[in-house]
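Here is a friendly briefing to read alongside your model.

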Amino acid sequence: MTKKLYIKTFGCQMNEYDSDKMADVLRACAGMERTDRPEEADVILFNTCSIREKAEEKVFSDLGRVRPLKQAKPGLLIGVGGCVASQEGRTIVKRAPYVDVVFGPQTLHRLPQLLQARRDTGQTQVDISFPEIEKFDHLPAPVLNIPGHSAVPGIALPKGEEPQVTSGAAFVSIMEGCSKYCTYCVVPYTRGEEISRPFADVMRDVEELVAQGVKEITLLGQNVNAYCGAMEDGDTLDFAFLLQAVAALDGVERLRYMTSHPKEMTQRLIDVYATTPKLVSHLHLPVQSGSDRILAAMKRSYTALEYKSIVRRLRVARPGICITSDFIVGFPGETERDFEATMKLIDDVGFDVGFSYVYSPRPGTPAAELRDDTPPEEKSARLARLQARIDELEQQANQSMLGTVQRVLVEGASKKDAQELAGRTDNNRVVNFCGSPGMIGRFVEVKITQVVRHTLRGEVVTQP
């Protein structure tokens, strides 16, 4: 009987990518298949994120919910991976002794061995080491799930049937960790410092995905534009070169990346927007604050003026580019004047979309030791005001797309209506529309007919 794997993922696209790789490893080594029902599972994994406040408590809450499943099914194995695992280590086992395996983001490739060691010895396995990019050398080749068929390499499809990818888009991780050490962030401590994958390895992954029908590639990294990949001749290349190389591959029709740091937005990288049409007209560039004083306290290594200069040069290279960002409200020491500087930056830049949060101290980070006198209700009021302004700008940007025809990559069924399809525009807007299942994984031309809150509606104009 085929064993079942349940994975619950918290956090960013990097964690989504890691969860997929966990499933790939256990499928290739143990023939396990994923399930969305934990009660069916033989292995339950929680892939955790420690960016937000109380992340650890959420993990223990979820662990408590699956504990009865283990009591009812003694052979069930439970694992905790990701950043909380890396940060807490054996503390997880002390608080939840029924956990069988604890592993970090850099050791997910060792999952089959860790699970087997647990079965063989009866001892809880903890591996939260930082073996740089060893995991990429041990991961199976990227394989997309094909509806109704096995995703195991080498399994043939029925005669005359063409492979159909589920969305036409895929992630490729190009580096691990971050070396910026922003004072509020735990990533350097949970994922280690920046380590880039060799250029040839990244290109091989992209080529294998394209061979399976992928049309859109998203390059991933905690600080993706800091990429510095080794060539086979010992030389190194930067992120701008990598983008151009991926875009030059036949079969790659659209190229994205995330998440980037303003300090690494070099002029070479900005110039790629002028010369590489396959690179989308969308960039997520976290700014966090518009106050130079707060940016310095965060150790962000740029000023508000320098950030605006980057955006201005990007818009020269790619007119109409969509700029989205992240904002932290209520960082320790933030005054009303500092907050007003952030609001001014928002108006000066004209962000298309923003993601904003009230600052939450992360244990072990320098900012957690800073004095914080701002009342919680004041922070909440500032957040509400910032989000209201960002929403206004987003609606203005969406309204400007009404009546335009957009090239949309169809990703699958709409979340709003399973009878409809959904896809993304070049500038990363979700569009819902009527269409046939055969469009999934393909590009179609869609005329935007309606703005619905944070999404768009449209009508198919042309299709393959």
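Rings of Phe, Tyr and Trp (its six-membered ring) are paired here if their centres lie within 6.5 Å; planes under 30 degrees apart count as stacked, over 60 as edge-to-face and the rest as tilted. By this rule there are eight aromatic pairs. One of them joins Tyr181 and Tyr189, edge-to-face, with 5.6 Å from centre to centre and 75° between the planes.

This is a predicted model, in which local features need pLDDT of at least 70 and side-chain atom pairs count only at pLDDT 80 or more, while totals for chains, interfaces and linings use all residues. Residues are numbered from 1 along each chain as its sequence is written, and side-chain values use heavy atoms, with hydrogens and water left out.

**More on the aromatic rings**

- Phe327 and Phe351 also make an edge-to-face pair, because their ring centres are 5.3 Å apart and their planes stand at 85°.
- Phe327 is in strand β15 (residues 322–329) and Phe351 is in the loop between α13 (336–349) and β16 (353–358), so this pair ties together parts that are 24 residues apart in sequence.
- Helices (H or I, at least four residues) and strands (E, at least two) are DSSP runs, numbered from the N terminus.
- Both Phe327 and Phe351 are buried, where buried means under 20% relative accessible area, exposed over 50% and partly exposed in between (1.4 Å probe, protein chains only).
- Together with Tyr302 and Tyr307, Phe327 and Phe351 form one aromatic cluster.

**Charges over rings**

- A charge sits over a ring if NZ of Lys or CZ of Arg is within 6 Å of the ring centre and within 35 degrees of the ring normal.
- Arg95 places its charged end over the ring of Phe60, 3.8 Å from the centre.
- Over the face of Phe443 you will find Arg407, at 3.7 Å from the ring centre.

**Nonpolar cores**

- A nonpolar core is a set of buried Ala, Val, Leu, Ile, Met, Phe, Trp, Tyr and Cys residues joined through side-chain atoms within 4.5 Å.
- The largest one has 59 residues, and Ile174, Leu219, Phe239, Leu242 and Tyr257 have the most contacts inside it.
- Helix α9 (residues 239–247) gives the most to this core, with seven residues.
- Contact means heavy atoms within 4.5 Å; leaving out residues up to four places away in sequence, Ile174 touches residues including Arg197, Val202, Leu219, Phe239 and Leu242.
- Another core, of 21 residues, lies apart from the largest one and has Phe60, Val66, Ile78 and Val80 among its members.

**A buried arginine**

- Arg191 lies in helix α7 (residues 187–191).
- Is Arg191 buried or exposed? It counts as buried, because its relative accessibility is 1%.
- Beyond its neighbours within four places in sequence, the contacts of Arg191 include Asp18, Cys83, Phe130, Glu176 and Gln222.

**Backbone points to check**

- Most residues other than glycine have a negative phi, and most peptide bonds are trans.
- Tyr181, found in the loop between β8 (175–176) and α7, has a positive phi of about 55°.
- Asn428, in the loop between β18 (421–424) and β19 (430–433), has a positive phi near 70°.
- Tyr181 is partly exposed at 26% relative accessible area, and Asn428 counts as partly exposed at 26% relative accessibility.
- Met258 and Thr259 are joined by a cis peptide bond with omega about -10°, and Thr259 has its place in the loop between β13 (254–258) and α10 (267–275).
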